[in-house]
Amino acid sequence: GISHCPARRPAPCEDSRVKTPPSPLLAGAPPTRRHGPRQVVPCSRLSPSPLSSHGAQPPAHPVSAFPRRRLMHWHPNPGVTLNTQILSEACGCAESLGGTKDGRWKTSIIFYRPMTRDGAGGAQQNLPPDVPRELLGVALHERPGLYFSILRNQRLVLQADAAFSQVMEKLQSFKARVNLNFEGFQYQLGDFCLRIGKCVPNNTETLRGIMMEVEYYPLSSIEKSRAIMVDFFDIWQETLAKKSLPGRFIHVESNFAEYGLSDHYSFQHTAVQYATCLQQLMAAVRA
Amino acid sequence: LTFFFLWVCTMQHVEALEVLLQGLSGVPKERVRVHELCLKSVPMLGAVPSEVRLLCDLAQPTPSWTIRHVGGAMRGAGAEQISILVRTIVESKASSNVLRYFYGIGYKLDHEILKVGFAFRFQRGAQFTVTVTSANKMPKLHATDEAVQVTPGIQLVEITAPAAANNYNDVVSAVTSFCEYLAPLLHLSKPGNSTGIVPTAGAAAASLMSSGGAKTL
């Protein structure tokens with residue numbers, strides 16, 4: 001079971017102070033479901049800065065308070081191929097820790113490649129060198145109305161509406177080439193939510209990776225929640241280790257500051273983490 | 001959702017139009033101050049050259065950004081029957097780094113204007129937004145505070161209404177009927193068909209101004 005943080009949900013403007021010590025995180029108490037629907041304050045996309053400062057991504061609006069999330073990818077041992085048994089074992093772990101299954105989830109990453117006059121993917125050497133060879137689109141599972149686009153080479157994350165992908169279709173400058181889905185089950189464990197999933201290309205069952213998301217509701221400050229996240233991860237790893245699986249979950253830090261993102265967690269942070277996670281998954285598969 | 005954008009010609013009697021729209025809509029006008037940046041793709045990028053507009057709403061305390069793509073003019077048998085030019089637009093809200101984003105993916109600033117005026121948003125068979133603005137150009141890059149009118153005394157009237165494939169005809173019909181109410185002051189036409197100035201507009205305007213719009217034209 002999981003001991004829980006104070007019953008009162010923090011107001012959007014304040015960070016809760018965790019009354020219980022970070023460890024032991026897990027105690028003998030039965031699991032507590034989160035209290036009602038998550039009170040997510042819509043993150044303001046607006047910047048108080050005038051156009052002249054459009055060169056820098058402004059910090060998130062101070063009243064936005066999104067729960068902190070951490071993504072981890074499955075790194076298989078050398079020579080071991082990926083298989084879905086790891087997924088089942090990880091889900092089993094979540095349940096053994098007292099997690100209650102809470103439905104499915106799916107986040108998509110779309111790779112865009114530039115088009116040239118010669119046609120699809122044709123003579124890209126004709127493109128100016130500063131045109132990126134790849135754009136990422138990210139559609140997060142809990143915000144179907146939003147769409148994120150990441151320029152990795154420029155450390156830029158754009159937040160837009162779902163209509164953004166239609167704009168790109170109309171422009172015909174970049175074309176969506178590959179669509180990867182991250183999907184699986186989610187579990188509630190007290191103040192935590194675990195999403196465990198596989199990475200598969202759209203409309204196929206080819207397993208490209210396994211990953212998980214840990215969300216911690218009470219805090220939106222990355223710094224303040226770091227210790228709690230690390231503690232949770234330690235417990236998770238200990239539990240999973242008993243299964244002797246051929247690999248482990250790894251968290252790779254995303255450099256949020258490089259993307260101009262603040263300490264206050266937001267959907268843009270999650271989009272950036274997905275891009276980082278995907279990079280890691282692809283490297284792990286290649287290795 | 002695709003927005004249908006109906007391009008209307010310029011007109012001169014803006015105060016009278018404001019009175020007329022106030023009467024027709026029953027809602028208060030909203031201030032419009034939009035910095036519109038028109039970006040074009042660099043050579044060789046894209047199957048075809050493309051253009052995208054970024055709109056920064058400066059009327060609100062915190063500026064907000066919208067990406068707008070304006071499609072080509074509607075064509076075909078349906079288009080012939082409508083007396084006005086119809087174009088489709090697709091819009092998305094965006095975070096304030098959207099200009100840097102488009103610069104980063106191979107778009108360059110072609111021109112920018114500041115549109116200043118007013119708008120009415122109301123429901124009348126469709127969700128209308130009627131915007132009346134003057135176009136202002138900036139002497140220096142992004143210098144919105146120093147913008148001057150491009151054509152003093154001439155305003156641009158734009159009518160937009162959202163529509164989807166399954167209600168497109170109803171929306172076009174609602175807009176066409178609504179435009180008939182504006183006929184005393186402005187003549188809606190396709191480019192090349194008319195000057196857009198209604199001969200009796202002056203008289204109609206005077207009538208509107210004196211009666212506050214209560215009298216029917």
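1. The lining of the largest pocket in this predicted model divides into 10 nonpolar, 9 polar and 12 charged residues. Here Ala, Val, Leu, Ile, Met, Phe, Trp, Tyr, Cys and Pro count as nonpolar, Asp, Glu, Lys and Arg as charged, and the others, Gly among them, as polar.

2. The space in the largest pocket comes to about 720 Å³. Of its 31 lining residues, L55(B), R68(B), E91(B), R121(B) and T129(B) are the closest to the centre. A pocket is an open set of points on a 1 Å grid over the protein atoms alone, where a 1.4 Å probe fits, with protein on both sides within 12 Å along at least five of seven lines; lining residues have an atom within 4 Å of a point. Grid points are joined across faces, edges and corners, and the volume is the space filled by probe spheres set on the points.

3. Which element gives the largest share of this lining? It is β2(B), with 6 residues. The elements of chain B that give two or more residues include β1 (2-11), β3 (51-57), β4 (64-73) and β5 (85-94). Strands are DSSP runs (E, at least two residues) and are numbered from the N terminus.

4. Over all chains, the structure holds 22 salt bridges, each a side-chain nitrogen of Lys or Arg within 4 Å of a carboxyl oxygen of Asp or Glu. One of them pairs R33(B) with D145(B), at 3.9 Å from N to O. This pair links distant parts of the chain, 112 residues apart: R33(B) is in strand β2 (residues 30-41), and D145(B) is in the loop between β7 (127-137) and β8 (148-149). R33(B) is partly exposed, at 21% relative accessibility, whereas D145(B) is exposed, at 73%. Buried means under 20% relative accessible area, exposed over 50%, and partly exposed in between (1.4 Å probe, protein chains only).

5. Another salt bridge joins E158(B) and K115(B), whose closest N and O atoms are 3.3 Å apart. E158(B) lies in strand β9 (residues 155-163) and K115(B) in strand β6 (residues 107-123), 43 residues apart. Both E158(B) and K115(B) are buried.

6. In chain A, salt bridges with shared partners join R69(A), E142(A), R195(A), E213(A) and E215(A) into one network.

7. On conventions, residues are numbered from 1 along each chain as its sequence is written, and chains are lettered from A and ligands numbered from 1 in the order in which they are written. Local features need pLDDT of at least 70 and side-chain atom pairs count only at pLDDT 80 or more, while totals for chains, interfaces and linings use all residues; side-chain values use heavy atoms, with hydrogens and water left out.

How values were computed: Helices (H or I, at least four residues) and strands (E, at least two) are DSSP runs, numbered from the N terminus.
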